[in-house]
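Please open the model in your viewer and keep the selection tool at hand.

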Amino acid sequence: MKKKILVSRLYPKAGIRLLEKEDFALTLWEKERPMTQTELIEQAKTHHALLCTLTDRIDQHFLKHCRHLEIISQFAVGYDNIDIEKATSFGIPVGFTPDAMSEATADIAFGLMIAVARKMFFLHKTIIKGQWGHFNPTGNLGLELKNKTLGIFGLGRIGVKMAQRCKNAYDMDIIYHNRTRNKAAEKMLNATYVKFDDLLLQSDVLSVHCALTSATKEIFNGPVFKKMKSSAIFINTARGPIHHEKDLAQAILKGDIWGTGLDVTNPEPMQPDNPLLTMENVCILPHVGSGTIEARDQMSVLAAMNIIKFYKNDNVPHIVNPEVLKP
Ligand code: DGY
């Protein structure tokens, strides 16, 4: 019998073509919107494998109904939408797509940093509103980044790319805080490991690149922003729930920090009346970090290969829970 693969969204063709070349029966969800969880469960019940992404809730409820799945292949590097512990307890391997989007996401973090430092999104909006007056010698002033200190929270693949950009462009000093030290990156970037509090105290730009876990959920909150420099820029391109969004808005209003650049918000989507959207030193994007043709193609290839190799060789090249595979 052909293995039935449920493909939960319209993913780039590069990966879908690879699946089509194999002897699988594919079900492609072709609507622009994600399936509701009820639709996803009903569909997944009759399939052997699922190709999904962060808009699909693969929680206890889903897994209770779909514990028969042979593999779940996530189109993303983050997998906080999946209850990994439960999937592991049911012996379901979970694939993911690391590194495919590292360059693309670092570009967004780097771009947001400059955009916030120079109030770019806000000034663009003033032109649309017909508010471009005269050249103003003391107005619309931003910050320079040359020789400043970049603090990375989560110095992994994407954090390293962001640090490289900041070092090459602005000769920034790199400090970081991780659960475990990244000695290779320390050597490559001349980066210094610091305690979390020192990261807050010393960073001119603090860029978040960690995973969302119970330990990092809303770790950036009011008291934490208060410890940062009043001239600091907070960048989050990882996951929205890592920051407390009302506290972040308050911190900017009170002058605890200078501003923020977010590619991820808490919650998503951000509502159009969110006060952050009207602030001068704030730039927000709608979760497009991995949104380049190259990155998304590569993500779809990695997600497809995780399924193909699993059925061919009992191996998932990029796996979150390797313990479920036979030795
Ligand atoms: C990821 O890969 O986790 C991004 O957030 C979406 O591409």
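This is a predicted model: local features need pLDDT of at least 70, side-chain atom pairs count only at pLDDT 80 or more; totals for chains, interfaces and linings use all residues.

Residues are numbered from 1 along each chain as its sequence is written, and side-chain values use heavy atoms, with hydrogens and water left out.

Start with the sheet of 5 strands, which is open, is paired in parallel and has the order β2-β1-β3-β4-β5. Strands here are DSSP runs of E with at least two residues, helices are runs of H or I with at least four residues, and both are numbered from the N terminus; two strands pair if DSSP finds at least two bridges between them. The edges of this sheet are β2 (24-28) and β5 (94-95), each of which pairs on one side only. Select residues 71-74, which form strand β4, and you will find 2 bridges joining β4 to β5 in the parallel sense; S73 has G95 in β5 as its bridge partner.

Helix α1 (residues 13-21) lies across β1, β2 and β3, and runs at about 145 degrees to β2.

Now turn to the open sheet of 7 strands, also with parallel pairing, whose order is β8-β7-β6-β9-β10-β11-β12. Its edge strands, each pairing on one side only, are β8 (192-193) and β12 (282-284). Select residues 149-153 and 173-177 to see β6 and β7, which run parallel and are joined by 5 bridges; F153 is partnered there with H177 of β7. Helix α5 (residues 102-117) packs on this sheet, touching β9, β10, β11 and β12 (contact means heavy atoms within 4.5 Å), and its direction makes about 150 degrees with that of β10. Helix α7 (residues 157-170) lies across β6, β7 and β9, at about 175 degrees to β6.

Which residues surround the ligand? Select L54, A76, V77, G78, M101, R239, H287, S290 and M299, where a residue is near a molecule if one of its heavy atoms lies within 4 Å of it. Draw the distance from an oxygen atom of the ligand to a backbone N or O atom of V77, which is 2.7 Å, then the one to a polar backbone atom of G78, which is 2.9 Å. An N or O atom in the side chain of R239 lies 2.7 Å from an oxygen atom of the ligand.

Then select T88, which sits in helix α4 (residues 84-89). Leaving aside neighbours within four places in sequence, T88 is in contact with N321, E323 and V324.

Finish in the loops. Between β11 and β12 you will find P267, joined to N266 by a cis peptide bond with omega about 10 degrees. P269 is also in the loop between β11 and β12, and the peptide bond from E268 to P269 is cis, with omega near -5 degrees.

Definitions and conventions:
Axes are lines fitted to C-alpha atoms, for helices over the stretch in contact, and angles run from 0 to 180 degrees between N-to-C directions. A polar contact is a pair of N or O atoms within 3.5 Å; within protein, one must be able to donate a hydrogen and the other to accept it, and residues adjacent in sequence count only if both atoms are side-chain atoms.
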